[in-house]
Amino acid sequence: MAMHLYQVSSMLLENTVGKISDNVTSVVLAVFVITLTLGYISKLVLKQSQSSSDEDKKYPPYIPSSIPFLGHAIAFGKSPIEFLEDAYEKYGPVVSFTMVGKTFTYLLGSEAATLMFNSKNEDLNAEDVYSRLTTPVFGKGVAYDVPNHIFLEQKKMFKTGLNIAHFKQHVEIIEEETKEYFSRWGDSGEENLFEALSELIILTASACLHGKEIRSMLDEKVAQLYADLDGGFSHAAWLLPGWLPLPSFRRRDRAHREIKNIFYKVTQKRRSSGEKVDDMLQTLIDATYKDGRPLNDDEIAGMLIGLLLAGQHTSSTTSSWLGFFLGKDKALQDRCYAEQKTACGEDLPPLNFDQLKDLTLLDRCLKETLRLRPPIMTMMRMARSPQKCQSIYTMVGETAVIQCVFMCK
C-alpha cells in the first residue's frame with residue numbers, strides 16, 4: 001500500500017509538471033505538498049503493518065521528530081557534523097532518523113562501519129542511492145546507472161589508462177599547470193585557497209586524463225559549466241526529484257548537455273582522423289566490453305565527465321586542508337621546502353616521479369591531513385535485506401539508507 005501511494009503521488013506530480021504552463025512554481029509546490037502528505041500517511045501505514053512482525057528484532061535507536069515527513073532534514077542540513085556528533089553522544093554508534101520520508105541509519109565510527117565494508121553489493125547496494133546523484137551529472141549508461149558488473153568493466157577500462165607509465169608523465173604536466181596557474185597571482189594579495197585549488201585540479205586533471213584537445217577548450221565559460229555540473233552533487237539533488245524546476249537543477253542539466261557536446265566533437269574528430277594518442281580518450285575509444293562491444297560516444301562522454309569530477313572533491317578538499325595546516329606552521333613549511341630542495345636539487349628543477357618517494361615529510365603531512373580531515377566523511381548504501389551489526393546487536397531493516405561515517409576526535 002505504501003508503494004502504491006508513492007506511485008500515485010509521483011504520477012500526479014509528473015502529470016502536473018507536464019501540463020501546467022502558468023504559475024509553474026506555485027502549482028508544483030502545491031502538488032509537492034500533496035506528495036509529502038501521501039508519503040507521510042504511507043509511512044504510518046507501513047509502520048503499523050510491520051510492528052507485529054518486528055517485536056523480536058532489536059532495531060537501532062530512532063531519533064524522534066515533531067515535523068512530519070521532513071523529519072530532521074532541516075537540522076541535519078544546517079550542520080551535519082554537529083547533528084551526528086550529538087546523536088553519537090545520546091544514542092551510540094548506530095542510530096536512525098527520518099529525512100524527507102526516508103529512513104537513514106548511520107553507522108558512526110570504525111567499529112560500526114565494519115558492517116558496510118564486509119557486506120555484499122546485493123545486500124547493501126550502492127547503485128540504489130548514488131544513481132540519483134551521478135546519473136544527472138555523468139549521464140545514463142555509465143557508473144551507477146548500469147548494473148554493478150557493467151560498472152566494474154568500466155572501472156577496468158579506466159585502470160588500463162591509469163598506469164605507472166602515465167603517472168610518470170603526469171608529474172611534469174601537473175607541475176607545469178601549477179606553475180602557470182600561480183604565476184597569475186603576483187607577489188602579494190589574498191585568494192580563496194579552496195576555490196583556487198578546485199580550479200587548478202580541474203585544469204591538471206583535464207590535461208592529464210582528457211588529452212590536449214579537451215584541455216585546450218577549458219576557457220572561463222567551460223570552467224563555469226564544470227562548476228554548474230559539480231553543483232549537481234548536493235543534498236537537494238539526492239532528496240528531491242530531479243525534474244523539479246530548481247535553478248541548480250536547470251544549470252546542472254544545461255551544463256551536462258553542453259559539456260557532452262564538446263566531448264562528442266572531440267571524440268568524433270579523433271575517430272575520423274585516425275590519429276593514435278596515448279591518453280585516456282584513446283583508451284576509451286579502443287576499449288571493449290567482455291562481449292566485444294565498443295563504447296559508444298555517449299558512454300565515452302559520460303565516463304570522461306565522471307573521470308574528471310569523481311576525484312575532484314576529494315583532491316581539492318584534501319589539498320586545501322593541507323595548505324591550511326601548513327599555512328599555520330611556518331617551521332613545518334620550512335622543513336618541507338628544505339626536504340624538496342634536498343630531493344630535487346637546490347635550484348628546484350622539474351620534479352620527476354621517482355623523486356616523490358623521497359618527500360617523506362610531505363607524505364606524512366598529507367597522511368595526517370587525511371586522518372584529521374577525511375575528504376569523504378560518509379558513504380551510502382541502500383539496505384536490500386535486513387542486516388545485523390554484530391558488535392552492537394542491532395537490526396537494520398530493508399529500504400533504509402545506510403550511511404557510514406568516520407568520526408575523528
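Patches are made of residues with over 30% relative accessible area and no salt bridge, where like charges are joined within 9 Å and nonpolar side chains (Val, Leu, Ile, Met, Phe, Trp, Tyr) within 5 Å. A salt bridge is a side-chain nitrogen of Lys or Arg within 4 Å of a carboxyl oxygen of Asp or Glu. The model is predicted: local features need pLDDT of at least 70 and side-chain atom pairs count only at pLDDT 80 or more, while totals for chains, interfaces and linings use all residues. Residues are numbered from 1 along each chain as its sequence is written, and side-chain values use heavy atoms, leaving out hydrogens and water.

**View 1. Ile67, Leu70 and Ile74 form a nonpolar patch on the surface.** Together they have about 230 Å² of accessible area (Shrake-Rupley method, 1.4 Å probe; for residues, only the protein chains shown count as cover). Ile67 lies in the loop between helix 2 (24-51) and helix 3; helices (H or I, at least four residues) and strands (E, at least two) are DSSP runs, numbered from the N terminus. With 38% relative accessibility, Ile67 is partly exposed (buried means under 20% relative accessible area, exposed over 50%, partly exposed in between; 1.4 Å probe, protein chains only).

**View 2. Phe76 and Tyr106 form a tilted aromatic pair.** Rings of Phe, Tyr and Trp (its six-membered ring) pair if their centres lie within 6.5 Å; planes under 30 degrees apart count as stacked, over 60 as edge-to-face and the rest as tilted. By this rule there are 15 aromatic pairs. For Phe76 and Tyr106, look for 5.9 Å centre to centre and 45 degrees between the planes. Phe76 lies in helix 3 (residues 73-78) and Tyr106 in strand 2 (residues 102-108), so their pair ties together parts that are 30 residues apart in sequence. Both Phe76 and Tyr106 are buried. Ring pairs also link them with Phe83, Phe97 and Phe104 into a cluster.

**View 3. Arg252 has its charged end over the ring of Phe249.** The distance to the ring centre is 4.7 Å. A charge sits over a ring if NZ of Lys or CZ of Arg is within 6 Å of the ring centre and within 35 degrees of the ring normal. Elsewhere, Arg373 lies over the face of Trp321, 4.7 Å from the ring centre.

**View 4. Phe151 has its place in helix 7 (residues 148-161).** At 11% relative accessibility, Phe151 is buried. Setting aside neighbours within four places in sequence, Phe151 is in contact with Ala143, Tyr144 and Val146 (contact means heavy atoms within 4.5 Å).
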